[in-house]
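Hi there,

Here is the structure I promised to pass on to you. Have a look at it first, and then read my notes below.

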Amino acid sequence: MKVGKTKDLLIEDIKTKIPLLVQDDAILDEISIQLYKHNISIGNILELINDENRLYEANLQELLLLGEQLHLKFNETEEDWIAEWLNTSEVKELRLYIKESPYEETIILPYTFENVLKTGHNEYVAVVPNSIIGKLWMSGITKYNPNIQRQAKKKKVKNGIIEVMNLNPKSLKEIEKQTVEGDLITSTLRYNAKVGSGLDGNELMYDNRNRTLTLLEGTSLDVLDGAHRTFSIYNAYMKKADLEGSMIVIFSNMSEAQCKRVQVDMAKANPIPKPRLQELAKDKLSDEVVIELKAEGELKGRITSNSNVKYSYGEVVTFSELSNAIDDSFKINNRLEVIHVAKIINEYMMYLFVYYKANLMDKHSLLFKSRMFIGHIELAARMFEKNISFDQLRKYLDKIDFTIANPLWEEVGILRYGNISSRNKMEIRKLFQQLIQE
C-alpha cells in the first residue's frame, strides 16, 4: 500500500458507505456481480457489511475490491480511488486476485430437496444438511429481509433512519464454533420463498408423489426465523465445507403481510396453526387472494373461516364464499397475479365501505350479506376489465334497492324465507353484471 495508507483507514472508509449500501438492494446486486469474478459471493459481502469484526479479519485484497466498488457507486467524483491506495504493480496483482473457497460450486436454481413433507397451505418441512444451509446463503439464495423481521435494528444515517440486520457478534461466534465442531443442536429454521421472485411467477413446486420440493429459477428465500443460526452456519461453512449435522427447515411461500402475521404469532409463542381450515388445506390461487385480504385492507377482520358469519362481530363474508367468488370472476394464473387481484378487490372494498357505511349494520339491507359478495367480486372484476374507476361505484350500486322488502329478490329466486338461497349464485352474478351493461 502507499505511504500513509493502512488497513484501519481502509476499513473506516468502507464503514462510512455501508449504511448507503444496505438501503439499496439493486446496488448490492451490482457490486456482487462485479466481485463475483474474484470469487467473492454476495454472502461474503453481507458478512463484511453486517459484522464489523469480519472487516478486521478479512484480507486486504477483499477490502480493497469492496472499497473500490463502494466508491464507484456512492462517490460523485471521478478520481481513481484505487490509485490512492496502491502502486501500479499492486493494482495489477489485485486484478488477478481470486478468493480461495472451501466449496466446489454454488447452488444454481432450480434446486430440489428430497423427503419433503407438506404440512399446510404452501408450507413444507425438510431436514436440510448444515452444509447446504451454508451453501444456500453463500449462493445468494437465502437472504435477510428486514421488512419481515421482528428484531430488525434501526440505524440513523444522514437521510433518515434505516433498518439493518440485527446480529449479536458473540452469539454468532458461539454458534459458528459449535457448527464447525459438529456440536450444534438441531433446531427449526423458517425460510419464505418471496412472492414475485420466481421468474415465471411461481417460486416453489411440490411433487406430492415423490415428496420433493423444487426452488424454481429466480426464487429468493427470505429468512423468516433463524437469521443468527443461518448466518453462523454460513460462516462455519466458509471454514469447513463438510459440516456435520442438519436443521429442520420450514419452507413457505407467503407475501410480506402474511410473514408479518407469522412473526406476531411466534412472538406470542403461539404454535404453528394446524392445516384444518380451507385456507391451510387447498391449493386454489383464489384462497391465496383471500389470505391477502385477511391480512391487509378493508376486509381485514371481516372474513370468517367458519361456516356462519357473525355480523355482530363485524364479519361480513366467509372465507369459502369469497374464495369461490374470486375463482369464478377472476382468471389467476400464478402467485404474482394473486397480489394484483388482491389490490383490485381491496380498492373496490374501500369505496364500498366508505359509500355504504350506513348499510353495514342495517338488518334490513342485503348489501353486506355474505352471499352478496358474489356480486361485489363480479362487479369489481368487470369494472376493472372495462377500466371503470371504482370511485364511480355508487353510480352502479344505487341502481339496486338492497332492502329485504324489494320484490326483485323473490322474482329472481335469490331470497327464500328471509335468507339468500345457495342455489342462485349465478343469478346474483348476472344481476351485478347487468349493472355495467345498462
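**Loops around the first strand**

N115 lies in the loop between β1 and β2 (117–120). Please keep in mind that this is a predicted model. The phi of N115 is positive, near 55°, and the residue is not a glycine. Is N115 buried or exposed? With a relative accessible area of 56%, N115 is exposed, because the cut-off for that class is over 50%.

N122 also has a positive phi, of about 55°, and is not a glycine either. You will find N122 in the loop between β2 and β3 (123–129). N122 counts as buried, because its relative accessibility is 13% and buried means under 20%.

The peptide bond that joins L109 and P110 is cis, with omega at about 5°.

**The sheet**

β1 belongs to an open sheet of 3 strands, in the order β1-β9-β8, with antiparallel pairing. Its edge strands are β1 (111–113) and β8 (204–207), each of which pairs on one side only. On average, neighbouring strands here are turned by 20° against each other, direction ignored. β1 is joined to β9 (residues 212–215) by 3 bridges. If you want a pair to look for on screen, Y111 stands opposite L215 in β9.

**Two helices that pack**

How are two packed helices described? By the angle between their axes and the distance between the axes. For α8 (residues 130–138) and α10 (residues 227–237), the angle is about 95° and the axes are 8 Å apart. That makes α8 roughly perpendicular to α10. The contact involves several residues of α8, among them I133, W137 and M138, and several of α10, including F231, I233 and Y234. By class, this contact has 7 nonpolar, 4 polar and 1 charged residues.

Finally, turn to α15 (residues 373–385), a helix of 13 residues. From first C-alpha to last, α15 reaches 18 Å, close to the 18 Å expected at 1.5 Å a residue. How many of its residues are buried? The count is 11 of 13, so α15 is mostly covered, with buried meaning under 20% relative accessible area. Among the buried ones are F373, H376, E378 and R382. What covers them includes α13 (319–329), α14 (335–355) and α18 (425–433). After α15 comes N387, whose phi is positive, near 60°.

Enjoy exploring!

Best wishes

Terms used:
Residues numbered from 1 in each chain as written. Predicted model: local features only at pLDDT ≥ 70, side-chain atom pairs only at ≥ 80, totals over all residues. Heavy atoms only, no water. Pairing = 2+ DSSP bridges. Helix = DSSP H or I, 4+ residues; strand = E, 2+ residues; numbered from the N terminus. Axes fitted to C-alpha atoms, helices over the stretch in contact; angles between N-to-C directions. Parallel < 35°, antiparallel > 145°, perpendicular 65-115°, else oblique. Contact = heavy atoms within 4.5 Å. Nonpolar A, V, L, I, M, F, W, Y, C, P; charged D, E, K, R; others polar. Expected span 1.5 Å × (residues − 1). Buried < 20%, exposed > 50% of the residue type's maximum accessible area, 1.4 Å probe, protein only.
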